[in-house]
Each structure stands twice: as C-alpha cells, then as structure tokens.
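Please open the model in your viewer, with residue selection ready, and follow the stops below in order.

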Amino acid sequence: MVSTTVTKAEPAAPTAPAQQPSLTFQPNVDICDRGAEVLLVADIPGARADGIDVSFEDGVLSVHAAVPARELPGRSVHQEYGIGDYRRSFRLGDEFDASQITADYRRGVLTIRVPRLAAVRPRKVEVRSGS
C-alpha cells in the first residue's frame, strides 16, 4: 500500500528585494505496483538530475527538486512554467529494500524503482501432482 503526503504550495520568503518569491509545487506522479517493485513516475520539468534529491527513511520516500528560472531571450509576456521547488512524499512501509532503490531522470520525467524485500515479494507456488 502506498499513501501520499501532500505538501501545501506556499510562496517562500524572498531572499533579496529584487528576487521574486519561489513556490513549492507538488509534481504529478503515476504509481504502478509491479509485484516485486513499485514504480513511481513524476513530472518535474526544468530540473537537472544533480538538482533532484530522492530519499527513503522510516518507510517514507521523499522527492525534492529545485527548478531554476529559465533564461529566455526578450521580455517575458506570460509564464506558466513552474519555477521553484518540487516536493512530494509517499509512505511506502517497511516491506521495501532501501538499498536497491534507483532513480532515473530524462526529459523532465523522474522514474523511481522501489523493490520489495525478497521475503515479502509475491511468488507463484508450484502445484505438483501426486502419483
């Protein structure tokens, strides 16, 4: 079972008078239970792989990414692109192997594989016929 912890989006305090306050966004995430693992796919456009932090502690998987402002030529007239922090947490429980979690980031999509411990993975039991 996977449950989600929602982080409220709020403006952060500006660090300097000339800077705009940044926002915290909750990325959209698809979750797929594949038996031996749980797959999480999160949309985090504009982030860099080295700016994404994925951690697993006490059964909670947390994702944080800082997205810097885009440098566009000319004067910006309208902007919908999320600039700021992306945060999301999921309570996964103790049935997962934290040492085997992997994360891959390509084209704005973060894919996290969280394998179950071998002792709790579902398995098919072979039924033998008697003589």
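Residues are numbered from 1 along each chain as its sequence is written, and side-chain values use heavy atoms, with hydrogens and water left out.

**Confidence**

Colour the chain by pLDDT, the predictor's confidence in each residue, from 0 to 100. The protein chain averages 81, and 81% of the residues score at least 70. Strands here are DSSP runs of E with at least two residues, numbered from the N terminus; strand β8 (residues 102-106) has the highest confidence, at 97, and strand β1 (residues 3-5) the lowest, at a mean of 47. Now select residues 4-18, where pLDDT stays under 50 and where the model has 18 contacts beyond four places in sequence, a contact being heavy atoms within 4.5 Å. Where pLDDT is low, the predicted coordinates should not be read in detail.

**The aromatic pair**

Next select Phe-25 and Tyr-86. A search of the whole structure finds one aromatic pair, and the ring centres of Phe-25 and Tyr-86 are 5.3 Å apart with their planes at 35°, so the pair is tilted. For this description, rings of Phe, Tyr and Trp (its six-membered ring) pair if their centres lie within 6.5 Å, and planes under 30 degrees apart count as stacked, over 60 as edge-to-face and the rest as tilted. The pair links distant parts of the chain, with Phe-25 in strand β2 (residues 23-25) and Tyr-86 in strand β7, 61 residues apart. Phe-25 counts as partly exposed at 24% relative accessibility, whereas Tyr-86 is buried at 8%; buried means under 20% relative accessible area, exposed over 50%, and partly exposed in between (1.4 Å probe, protein chains only).

**Cavity and pocket**

Which residues line the largest cavity? Select Pro-27, Val-29, Leu-40, Ala-42, Val-63, Arg-88, Phe-90 and Ile-112 to see its lining. The elements that give two or more residues to this lining are β4 (37-43) and β7 (84-91), and by class the lining has seven nonpolar, no polar and one charged residues. The space inside is about 30 Å³.

On a 1 Å grid over the protein atoms alone, a cavity is a set of points where a 1.4 Å probe fits but cannot get out, and a pocket is an open set with protein on both sides within 12 Å along at least five of seven lines; lining residues have an atom within 4 Å of a point.

Move on to the second largest pocket, which holds about 150 Å³ of space. Of its 10 lining residues, Arg-70, Leu-72, Ser-76, His-78 and Gln-79 lie nearest its centre.

Select Thr-111, which lies in strand β9 (residues 109-115) and counts as buried at 18% relative accessibility. Leaving aside residues up to four places away in sequence, Thr-111 touches Leu-39, Leu-40, Val-41, Thr-102, Ala-103 and Asp-104.

Finally, go to Asp-58, in the loop between β5 (52-57) and β6 (60-67), which is not a glycine but has a positive phi of about 50°. Asp-58 is exposed at 65% relative accessibility. Arg-107, in the loop between β8 and β9, also has a positive phi, near 50°, and is exposed, with a relative accessible area of 86%.

How values were computed
This is a predicted model: local features need pLDDT of at least 70, side-chain atom pairs count only at pLDDT 80 or more; totals for chains, interfaces and linings use all residues. Grid points are joined across faces, edges and corners, and a volume is the space filled by probe spheres set on the points. Helices (H or I, at least four residues) and strands (E, at least two) are DSSP runs, numbered from the N terminus. Ala, Val, Leu, Ile, Met, Phe, Trp, Tyr, Cys and Pro count as nonpolar, Asp, Glu, Lys and Arg as charged, and the others, Gly among them, as polar.
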